[in-house]
Amino acid sequence: MSNLQQPLVSVIIVNFNGLHHLERCLPALNQTSGISFEVIVADNGSTDSSIQWIQVNYPQVQVLALGSNLGFGAANQQGIEVAHGEYAAFLNNDTVVEPDWLTILLEPFQFEKDIGATCSTLRLLKYPELLNATGGGMSRLGFGFDFDFLFPYHKDTSPYKEVLFPTAAAMVMRKDDFVKYGGFDRSFFMYHEDVDLGWRLWLLGKRVIVCTNSIVYHYWGGTTRKLEGLQWRERMGMRHNFRTLISILACFTYSKPSRA
């Protein structure tokens with residue numbers, strides 16, 4: 001699935017009953033060019049034959065059968081613990097990548113020391129003429145959002161743009177940085193982990209950028225809409241939004257110098 005170039009990248013995919021997504025995701029990922037990479041699928045207790053299908057069709061993929069649904073952050077952490085790569089790429093199972101997506105995401109790390117994370121331009125899989133996200137930001141009220149959601153896609157003249165957080169559907173970090181800075185907050189279970197991580201990276205002096213020419217197509221809400229419903233997704237996002245705000249405010253409070 002990979003060539004012999006360096007550095008090695010560990011692509012980590014969290015899966016939960018997503019066989020219908022993997023049937024699109026892994027063939028496209030298999031065509032990734034210009035980089036040496038391994039693929040790790042952290043399976044959260046799927047019952048839809050996902051594991052068996054991977055083992056038959058992609059035996060080179062390492063499958064972590066976690067046995068139960070640990071959530072997004074905890075499953076990715078399991079993947080990190082067995083990853084061999086210098087870099088970790090996090091990819092949703094409901095995505096389809098273009099062949100050069102990963103080489104473009106790695107380029108900024110080679111030239112700028114303060115890059116903490118890069119992410120791809122996400123286009124809607126069902127409506128590829130529309131954008132899903134070009135990185136993420138936050139409103140004045142503290143709500144995270146995807147830049148350019150449902151805007152028409154057009155090729156950007158700037159290769160990189162700074163954003164608050166990297167959209168976790170397709171992002172890259174140095175593996176050591178991911179571990180050092182705490183990675184995704186495992187207590188979130190699902191949604192908003194990338195917002196929380198991006199904010200922490202900026203507070204720690206690291207930059208987050210979207211690579212406009214790294215294109216990944218995303219079936220937005222593909223897994224959650226089928227298994228839990230949009231209302232559940234919104235409730236989880238809102239809950240974790242407030243958790244992030246509280247934790248960041250606590251950091252500022254405890255970091256203030258005491259008065260003499």
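Visitor: Why is Asp114 called partly exposed?

Guide: Asp114 has a relative accessible area of 29%. Buried means under 20% and exposed means over 50%. Asp114 falls in between, so it is partly exposed. Keep in mind that this is a predicted model.

Visitor: What makes Asp114 and Arg207 a salt bridge?

Guide: Their closest N and O atoms are 3.3 Å apart. The cut-off is 4 Å, between a side-chain nitrogen of Lys or Arg and a carboxyl oxygen of Asp or Glu. The pair is within that limit, so it counts as a salt bridge.

Visitor: Why does this pair tie together parts that are apart in sequence?

Guide: Asp114 lies in the loop between α4 and β6, and Arg207 in strand β12, so the parts that are tied together are 93 residues apart in sequence.

Visitor: How do you know that Arg207 and Glu112 meet in a salt bridge?

Guide: The N to O distance is 2.4 Å. A salt bridge needs the two atoms within 4 Å, so this pair qualifies. Glu112 is in the loop between α4 (101-111) and β6 (115-124), and Arg207 is in strand β12, so the bridge spans 95 residues in sequence.

Visitor: Is Arg207 buried or exposed? And what does Glu112 count as?

Guide: Arg207 has a relative accessible area of 18%. The limit for buried is under 20%, so Arg207 is buried. Glu112 has 28% relative accessibility and counts as partly exposed, because this value lies between 20% and 50%.

Visitor: Which residues do salt bridges with shared partners join into one network?

Guide: Glu112, Asp114, Glu162 and Arg207.

Visitor: How many salt bridges does a search of the whole structure find?

Guide: It finds 6. One of them pairs the side chains of Arg174 and Asp177, at 3.6 Å from N to O. That is within 4 Å, so the pair is a salt bridge. Arg174 and Asp177 are both buried.

Visitor: Why is Asn93 called buried?

Guide: Its relative accessible area is 5%. That is under 20%, so Asn93 is buried. Asn93 sits in the loop between β4 (87-91) and β5 (95-97).

Visitor: What makes the Asn93 and Asn15 side chains a polar contact?

Guide: The distance is 2.9 Å. The cut-off for N or O atoms is 3.5 Å, so the contact counts.

Visitor: What lines the second largest pocket?

Guide: It has 16 lining residues, with Leu131, Thr134, Asp148, Asp156 and Lys161 nearest its centre. β10 (160-162) and β12 (207-218) are the elements that give two or more residues. By class, 7 are nonpolar, 4 polar and 5 charged. The pocket volume is about 210 Å³.

Conventions: Residues numbered from 1 in each chain as written. Predicted model: local features only at pLDDT ≥ 70, side-chain atom pairs only at ≥ 80, totals over all residues. Heavy atoms only, no water. Helix = DSSP H or I, 4+ residues; strand = E, 2+ residues; numbered from the N terminus. Buried < 20%, exposed > 50% of the residue type's maximum accessible area, 1.4 Å probe, protein only. Polar contact = N/O pair within 3.5 Å; in protein donor to acceptor, adjacent residues only side chain to side chain. 1 Å grid on protein atoms, 1.4 Å probe; cavity = no way out; pocket = protein on both sides within 12 Å on 5 of 7 lines; lining within 4 Å. Points joined across faces, edges and corners; volume = space filled by probe spheres on them. Nonpolar A, V, L, I, M, F, W, Y, C, P; charged D, E, K, R; others polar.
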